[in-house]
Amino acid sequence: MEVKLLLSLPEGFEVTNIERTDGILTISAVSTQKSVCCPLCSSAATRIHSSYTRTLADLPCAGQQVRLLLQVHTFFCQVATCARKIFVERIAPFIEPWARVTTRLHQMVQVIGLATGGMLGARVTDRLGIQTCWMTIIRRIMALPTASVEEVAELGIDDFSFRRGRKFGTILVDMQSHQVIDLLPDRKKETAAAWMSTHPEIDLVSRDRGGDYAAGAREGAPQATQIADRFHMYKNLVEAVELTLARCRAEIRNGAFHALAEEEREMVEPQSLPTEFVSVENWKPAPDACTERERLSRRAERHDRYTQVMALRAQGFGNAEIARRVGLTARTLQNWQKKGSFPEAGRRRKRPSRFDPYASYVLSRWEQGCQNGSQLYREIKEQGYTGQERQVHRFLLPLRKNVRIIQKAQSAHLPLQDFSAHQEKMKRRWCMYMGRR
Ligand SMILES: [Zn+2]
């Protein structure tokens, strides 16, 4: 009886044996129920047909895995008209019919999964003596019913990425309960507007400072007041302050206005740029003047920091001390040291553009001597280009600024979307194979 209390087994079971083999605690119990209800007609049944053993995983005991061996009976249904002639006694809610784990273990895995996620959850359950895997934990979470979206008065909306930098969705949060209430498959204004139009009770929309969600809210929830959320306000403020400080750094350092003006001119109009080589796949439009000015200001600020680091190093300070003084991580300093010279910021990854499939064509036309942007725009428009003419001019800017685009012979007639590294690899293997024969 004490053992049963300790194990908290349901009524109608008698523990017959407990043994430990290979680190697993096996608890055998037998059903003592004399009368059970038919699951179909709910009438009482007392005639036992046969019995068999159910093997189930249960909650761990003192860090040991627990296996339950429950001997249960099958009964005859005594109602002549009932379609179910024989049935197994039910032990719900302790164990659901056909389950291989007890309900309490199932719930425990769900709780751990909700708190930690799949991979981390698997590490936690492993330490607790629960045998499961991250996939099962995810399945258990996914099996939980999704709460229906109730009325929401204050809605928070922002984007998130399914795959960083490639595929985005929209997250919707109830700003009063701080709960995520829905996810949308993209970040288009139409999708956001459609969702909001089904919630006429929204009276406040907290969003980023981009135009899409603003337009979506205007369309889908015209009754709502729109506000910029705190995160984006802070982010913009921090960026603006950093940029201002970067621009004013000479002024701050020397207190001399003319020095700043001179230096800024130098930064904005760098003299005689060397010819730069870019592949046709990475060919991207030149940044506008404002972005370029910002980039140069940030670069100048980094350069200042670099000079400061070099001066401290010359004075004999170690990386840890320099890091503390200039507010950088020791790792950054190590990387700088490894490079041996001022580390230029890496080029930003090129974003996919509608212009991409026509890049090779435009480049070959440019090399033939056609350097008129409007003419090139008309030509690729006839081939199906759906982007704007302005975009074509922006792509041509680097060419005008002495940047050489390297065109690969193979990719000359291949639209970039169709280019596949895997296909290229297979093609090369095929050529090698044929060559050997
Ligand atoms: Zn029945």
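**Close-up views of a predicted protein model**

**View 1. The end of the chain and the confidence of the model.** Over residues 433-437 pLDDT stays under 50, and for this stretch the model has zero contacts beyond four places in sequence. Taken over the protein chain, pLDDT averages 81, and 84% of the residues score at least 70.

**View 2. The protein chain as a whole.** The protein chain contains 16 helices and 14 strands, and of its 437 residues 32% are buried. When contacts between residues at least 6 apart in sequence are considered, 51% of them join residues at least 24 apart.

View 3. The protein donors of the zinc ion are the SG atoms of Cys38, Cys41, Cys77 and Cys82, which lie 2.3 Å from the ion. Around the zinc ion the four donor atoms subtend angles of 103 to 115 degrees, and the arrangement is therefore tetrahedral. For comparison, the ideal angle for four tetrahedral donors is 109.5 degrees. Along the sequence the donor residues follow the spacing C-x2-C-x35-C-x4-C. Cys38, in the loop between β3 (36-37) and β4 (44-45), and Cys82, in the loop between β6 (64-76) and β7 (86-88), are 44 residues apart, and this pair links distant parts of the chain. Cys38 counts as buried because its relative accessibility is 2%, under the cut-off of 20%, and Cys82, with a relative accessible area of 6%, is buried as well.

**View 4. Strand β2 between two pairing partners.** Strand β1 (residues 13-21) and strand β2 (residues 24-31) pair in the antiparallel sense over eight bridges, and the two strands form a hairpin with two residues between them. In the turn of this hairpin, Asp22 has a positive phi of about 55 degrees. To follow the pairing residue by residue, one may look at Asn17, which stands opposite Ser28 in β2, and at Glu19, whose bridge partner in β2 is Thr26. Strand β2 is also joined to β6 by seven bridges, and these two strands run parallel, with Leu25 standing opposite Val66 in β6. Strand β2 is mostly covered, since seven of its eight residues are buried.

View 5. The five strands form an open sheet in the order β10-β9-β8-β11-β12, and their pairing is mixed. Because β10 (179-184) and β12 (225-228) stand at the edges, each with a single partner strand, one side of each is left without a neighbour in the sheet. From one strand to the next, the twist averages 30 degrees. Within the sheet, strand β8 (residues 154-163) and strand β11 (residues 204-207) run parallel and are joined by three bridges, and Glu154 stands opposite Leu204 in β11. Helix α5 (residues 189-197) packs on the sheet, where it touches β8, β9 (167-174), β10 and β11, and the direction of the helix makes about 130 degrees with that of β10.

**View 6. The surroundings of His232.** His232 lies in helix α7 (residues 230-247), and it is buried, with a relative accessible area of 14%. Leaving aside its neighbours within four places in sequence, His232 is in contact with Asp158, Arg207, Asp208 and Arg209.

**View 7. Leu120 in helix α3.** The place of Leu120 is in helix α3 (residues 118-128), and at 40% relative accessibility this residue counts as partly exposed. Leu120 and Ile137 are 17 residues apart along the chain, and their C-alpha atoms are separated by 10.0 Å.

Technical notes:
Residues are numbered from 1 along each chain as its sequence is written. This is a predicted model: local features need pLDDT of at least 70, side-chain atom pairs count only at pLDDT 80 or more; totals for chains, interfaces and linings use all residues. Side-chain values use heavy atoms; hydrogens and water are left out. Donors are N, O and S atoms within 2.8 Å of the metal (3.2 Å for Na, K and Ca); water is not among the atoms, so sites may look incomplete. Four donors count as tetrahedral if all angles lie between 85 and 135 degrees; four count as square planar and six as octahedral if opposite donors are over 155 degrees apart and all others between 65 and 115; anything else is irregular. Helices (H or I, at least four residues) and strands (E, at least two) are DSSP runs, numbered from the N terminus. Buried means under 20% relative accessible area, exposed over 50%, partly exposed in between (1.4 Å probe, protein chains only). Two strands pair if DSSP finds at least two bridges between them. Axes are lines fitted to C-alpha atoms, for helices over the stretch in contact, and angles run from 0 to 180 degrees between N-to-C directions. Contact means heavy atoms within 4.5 Å. pLDDT is the predictor's confidence in each residue, from 0 to 100.
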